[in-house]
Amino acid sequence: MTRLLVVLAAAAALAPDPAPGPALLVSVASSLGDVMSDIARRYEDRTGQPVRLNTAGSNFLARQIVEGARVDVFVSADDTQMDVVERAGRVVAGSRIDLLTNRLVVVGPPGATRRVSGPDDLAAPTIRRLALGNPDSVPAGVYARRWLEGAGVWTSVAPRVVPTVTVRAALAAVRSGRADLAVVYDTDARTDPEVPVLYRVPEAAAPPIRYPAAVTHRRQAAASAKFLAYLSGDEAAAIFTAAGFGLARR
């Protein structure tokens, strides 16, 4: 498959399929769970092609694919986990694209009045627990660790980190009061208006946050390419941007 196939598929992406194949299994990073559910429903309504989502941390999803899970499309929250899948020979050649971007924010529990003006505040003695996606493996946590390393405060912050299995779990930890602060994606913070955003990490201060996507199984390569083309198209773009994501390709 080449990028040309992905482009050509866009023209037919919304045409109803007279004989849809089996459901596409699409593995998506946990931070994409809500928005991809909406997109999958719309795509199925328009084309008749069933889409089933497998939502979890990107590192867990990558491991599933490498171990042989019959996943048709993978949308990762970082390049590292997509690279793992690609090195294992599970990315269909020419299908990988950069789909979305995001940014980091620091959030507090509901009703929090604490002021956060920069990374140094996360190292303050009053911050006893800082929730992050596991900074060794979960993309949101890896991005957060790199930001704090670049700011020179990671050594002070690391002993207070509460590692979680997904970025959504970090959000849940701060919402429940099990953490004083959390570093999550802006898009995750938007899903819970009761959790206040205390600081928005400047994009220039953080590593670039990219969501790559690719076809990862040849079982339904044409149908998978058609869905990936839809994710790259204008209708999906409007849904992604409404949820707070940036568009990597535009």
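Which residues lie nearest the centre of the largest pocket? They are T101, N102, R103, E203 and I209, and the lining of this pocket comprises 15 residues. The model is a predicted one, in which local features need pLDDT of at least 70, side-chain atom pairs count only at pLDDT 80 or more, and totals for chains, interfaces and linings use all residues. Residues are numbered from 1 along each chain as its sequence is written, and side-chain values use heavy atoms, with hydrogens and water left out.

The largest pocket holds about 190 Å³ of space. On a 1 Å grid over the protein atoms alone, a pocket is an open set of points with protein on both sides within 12 Å along at least five of seven lines, whereas a cavity is a set where a 1.4 Å probe fits but cannot get out; lining residues have an atom within 4 Å of a point. Grid points are joined across faces, edges and corners, and a volume is the space filled by probe spheres set on the points. The pocket lining has seven nonpolar, four polar and four charged residues (Ala, Val, Leu, Ile, Met, Phe, Trp, Tyr, Cys and Pro count as nonpolar, Asp, Glu, Lys and Arg as charged, and the others, Gly among them, as polar).

The count of cavities of 30 Å³ or more comes to one. About 50 Å³ of space lies in the largest cavity, and its lining includes A29, S30, S31, V138, P139 and Y185. By class, that lining has seven nonpolar, four polar and no charged residues.

Attention now turns to the sheet. Five strands form an open sheet with mixed pairing, in the order 7-6-8-5-9. Helices (H or I, at least four residues) and strands (E, at least two) are DSSP runs numbered from the N terminus, and two strands pair if DSSP finds at least two bridges between them. Strand 7 (161-164) and strand 9 (197-200) are at the edges with a single partner strand each, so one side of each has no neighbour in the sheet. From one strand to the next, the twist averages 30° (axes are lines fitted to C-alpha atoms, for helices over the stretch in contact, and angles run from 0 to 180 degrees between N-to-C directions). Strand 6 (residues 130-133) pairs with strand 7 in the parallel sense over four bridges; L130 has V161 of strand 7 as its bridge partner.

Helix 7 (residues 167-175) lies across strand 5 (104-107), strand 6, strand 7 and strand 8 (181-185), and runs at about 145° to strand 8 (contact means heavy atoms within 4.5 Å).
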